[in-house]
Amino acid sequence: MNLPDTQYFLLVYPICLILIGAVFIAAHLWFKAPKYLLWMGLGCILPSVALGSQTLMTNAQLRLTAPWFALFYLGGAWAVVHGMLLKANSKSNIFVATTLIVVGMALLLYFTHFDEKLWLRIIIINIVILCLEVLALPKVYDLFKKTYALEKILCFSYVLLFSYGVIRTLIVIVYLQNLQDVNLVTTQWWMMMVAVNLLLSLWFAIIVSAVAVKERFNIINEERLRDPLTKLYNRIGFLEKTKDLFNELQHGEVYLVMSDIDNFKNINDAWGHVIGDEILCEIADICRSNIRQGDVVGRFGGEEFIILLCSPDEKSSFALVERLRKKIEDQLFINNIRVTASFGAARIMTDSQLSIALELADQRLYHAKNNGRNRVCFN
């Protein structure tokens, strides 16, 4: 194939993105990475296959194959949009996206076989891609407002891709009107747009990779901090989250509450540890659903639970713990088993007083158990 060396050099861009896309897909299929990586991988591969093929074509070849390669470009754009919507925990509007692609393909076929206009075909495909990308912009904005710094960069990068798409479309409209008379892939504008595409696409792929890696580390760290049975925080996790609560505390008082399931050994002896574990999980669910946002609950070991809660005063704290005690008492567990729990609590001023508060809450817990169990002791 007798083509300028620059055209072969431009193949570096699509090859790089195809490899990156393959890594994304492999990460999802074999390493259980988030599903949005699968779609981001397709978003890298599909347009890269089309671009790599078209880079080696003449205008005549482009005219014949353009509608079919357009499917790759549109499919890749939709894959990225769908991936971003998954990242934002939002549903995709399949009907609107399908309609846009079908209308776009119909126009492309018309301007290929009935009224041949290369310039219009390029404008159409760019406009359809922009319309597809617009579908994710509201959710990307919502994600940007509530997420951490690295994901904010991802959202900004998506908006940057969209902005470049607008600029690219305007360049085609204004400067590339004579495409019927020149070889598209050798024009200066084409070379410049491919170069910018390379930089932005690689940047976006790098940010996606960084976000996926951070998510994986977060999952590993969260597993380290969680009790494998109840999924509550373990001792290490509870102590770490205690610091977070004090860092975010603006008003109110903080209380440390120790809880122990009454006569739990008897349940294990009578029903077995499997039933005992199920009861522990149900009690964990009761604790989780009856504390307020920002409070911390953990399993300290065995049948012992611990809660760090913020409330206006001791009376409010006592009422919350008493309600929790009553929920456990009234709950009918597996095999119609009923259990009760005893509670001891102590106010804690700063996270540096945690060990003192732990000791005091533990003493009050045993005071509650020694005075008949199934009660709350705050002093």
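## Serine 92

Serine 92 is buried, with a relative accessible area of 19% (buried means under 20%, exposed over 50%, partly exposed in between, with a 1.4 Å probe and protein chains only). The model is predicted: local features need pLDDT of at least 70, side-chain atom pairs count only at pLDDT 80 or more, and totals for chains, interfaces and linings use all residues. Residues are numbered from 1 along each chain as its sequence is written, and side-chain values use heavy atoms, leaving out hydrogens and water.

Serine 92 sits in the loop between H4 and H5 (helices are DSSP runs of H or I, at least four residues, and strands runs of E, at least two, numbered from the N terminus). Beyond residues up to four places away in sequence, serine 92 touches Trp78, His82 and Leu85 (contact means heavy atoms within 4.5 Å). Its side chain also makes a polar contact with the side chain of histidine 82, at 2.4 Å.

## Nonpolar cores

The largest nonpolar core has 54 residues (buried Ala, Val, Leu, Ile, Met, Phe, Trp, Tyr and Cys residues joined through side-chain atoms within 4.5 Å). Leu37, Met40, Leu74, Leu132, Tyr158, Phe204 and Val208 touch the most other members. Helices H2 (12-31), H3 (35-55), H4 (59-87), H5 (94-113), H6 (118-134), H7 (137-146), H8 (149-175) and H9 (188-225) each give two or more residues to this core. H4 gives the most, with 10 residues.

Leaving aside neighbours within four places in sequence, phenylalanine 204 contacts Met40, Val80, Met84, Leu154, Ser157, Tyr158 and Leu161. A second, separate core holds 30 residues, including Ile261, Ile275, Ile283 and Ile291.

## Phenylalanine 238

Phenylalanine 238 lies in helix H10, residues 235-248. It counts as buried, at 0% relative accessibility. Not counting residues up to four places away in sequence, phenylalanine 238 touches Tyr233, Leu256, Val296, Val297, Gly298, Phe300, Ile306, Ile307 and Leu308. Isoleucine 306 is 68 residues from phenylalanine 238 along the chain, yet their C-alpha atoms are separated by 8.4 Å.

## Largest pocket

The largest pocket is lined by 14 residues. Ala27, Ala33, Leu37, Ala212 and Val213 lie nearest its centre. Leu37 is also among the residues that touch the most other members of the largest nonpolar core.

H2 and H9 each supply at least two lining residues. H9 has the largest share, 6 residues.

Key: On a 1 Å grid over the protein atoms alone, a cavity is a set of points where a 1.4 Å probe fits but cannot get out, and a pocket is an open set with protein on both sides within 12 Å along at least five of seven lines; lining residues have an atom within 4 Å of a point. A polar contact is a pair of N or O atoms within 3.5 Å; within protein, one must be able to donate a hydrogen and the other to accept it, and residues adjacent in sequence count only if both atoms are side-chain atoms.
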